[in-house]
Structures are given as structure tokens and as C-alpha cells.
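Here's a quick tour of one model, written for someone who likes to look at charges and strands. Have the viewer open as you read.

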Amino acid sequence: QVQLVESGGGLVQPGGSLRLSCAASGINFSIYVMGWYRQAPGKQREMVAVSSSGGRTDYADFVKGRFTISRDNSKNTVYLQMNSLEPEDTAEYYCNANRISVFGRRENYWGQGTQVTVSS
């Protein structure tokens, strides 16, 4: 059974920082692309940052220079360090694990989400 469990969300003032964590189980973590996505009320879910199995990272333009994704394959955990938070960053943040199997099948898993609220 695959589980992705996020933690670290909460309420923070503008300009503050938070670090999200996502602990994975039930998958061979190191071979998955791990990512963070977010969804604000009334908006579609959008990619925030992804980390490939080879260590390459990619970011949405709106978080470049502020957020950093990292992964610890020994702990089956991916992190999202968020600095200089803005009210526009308020959203539910979701962890994602995905890959294409050797048989060409997409394996895609989501966590339950963690709320991040940026407000004074």
C-alpha cells in the first residue's frame, strides 16, 4: 500500500518560512519523480517543484528563488523549503510520486495535502 504523508504546513506571516515534509512508504522511493503541487480555493492544482530520480529539479516561475525542493532517499522523504512566503502562496500543498514503469504504465500517487496559510 502506497502512502505519502505530508507535514509541516501551518499559518505564517508574510515574509516567513515553512518547511514541508513528505514521507513515502510502499514505493521504491529513489526511482520516482517526487513533486510538490498546490491548489488554492477556486483554482486548479498547479506544479510547484519537482525532483527527478537523478536529482534534477524544476520549479514553477512563481517560486523560483524562494522555494527549494530536496529529497533524502535514505529516509524516503522529500522536502519543500519555502522562504519569503507571500499571501498568494496560501493553498493546500500536495506531495506527488510518479514514474513510468518498464511496462509503460504510469504510476501516480498523491498525499492527502497540508494547508499553508500566509497571512498577517
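## The charged network

Arg38, Glu46, Arg66 and Asp89 are joined up in a network of salt bridges. Keep in mind that this is a predicted model. In total, the structure has 6 salt bridges. As background, side chains of opposite charge can pair when their charged atoms come close.

Start with Arg38. Its side chain meets that of Glu46 in a salt bridge, at 2.9 Å from N to O. Arg38 also forms a salt bridge with Asp89, and there the closest N and O atoms are 2.9 Å apart. Asp89 sits in the loop between strand S8 (77–82) and strand S9 (91–100), while Arg38 belongs to strand S4 (residues 33–39), so this pair ties together parts that are 51 residues apart in sequence.

## Buried or exposed?

How do Asp89 and Arg38 sit, buried or exposed? Both Asp89 and Arg38 are buried. Arg38 has a relative accessibility of 6%, and it counts as buried because the cut-off is under 20%. Glu46 is partly exposed, with a relative accessible area of 32%.

Now for another salt bridge, this one between the side chains of Lys64 and Asp61, at 3.2 Å from N to O. Lys64 counts as partly exposed at 48% relative accessibility. Asp61, at 64%, counts as exposed because it is over the 50% cut-off.

## The open sheet

Next, the strands. There's an open sheet of 4 strands, in the order S1-S3-S8-S7, and the pairing is antiparallel. Strand S1 (3–7) and strand S7 (67–72) stand at the edges with a single partner strand each, so one side of each has no neighbour in the sheet. From one strand to the next, the twist averages 15°.

Zoom in on the S1 end. S1 pairs with strand S3 (residues 18–25) in the antiparallel sense, over 5 bridges. Which residue in S3 is the bridge partner of Glu6? That's Cys22.

## Around Ser51

One more stop: Ser51, which is found in strand S5 (residues 46–51).

What is Ser51 in contact with, leaving aside its neighbours within four places in sequence? The list is Tyr32, Val33, Met34, Arg56, Thr57, Ile69 and Arg71.

Definitions and conventions:
Residues are numbered from 1 along each chain as its sequence is written. This is a predicted model: local features need pLDDT of at least 70, side-chain atom pairs count only at pLDDT 80 or more; totals for chains, interfaces and linings use all residues. Side-chain values use heavy atoms; hydrogens and water are left out. Helices (H or I, at least four residues) and strands (E, at least two) are DSSP runs, numbered from the N terminus. Contact means heavy atoms within 4.5 Å. Two strands pair if DSSP finds at least two bridges between them. Axes are lines fitted to C-alpha atoms, for helices over the stretch in contact, and angles run from 0 to 180 degrees between N-to-C directions. A salt bridge is a side-chain nitrogen of Lys or Arg within 4 Å of a carboxyl oxygen of Asp or Glu. Buried means under 20% relative accessible area, exposed over 50%, partly exposed in between (1.4 Å probe, protein chains only).
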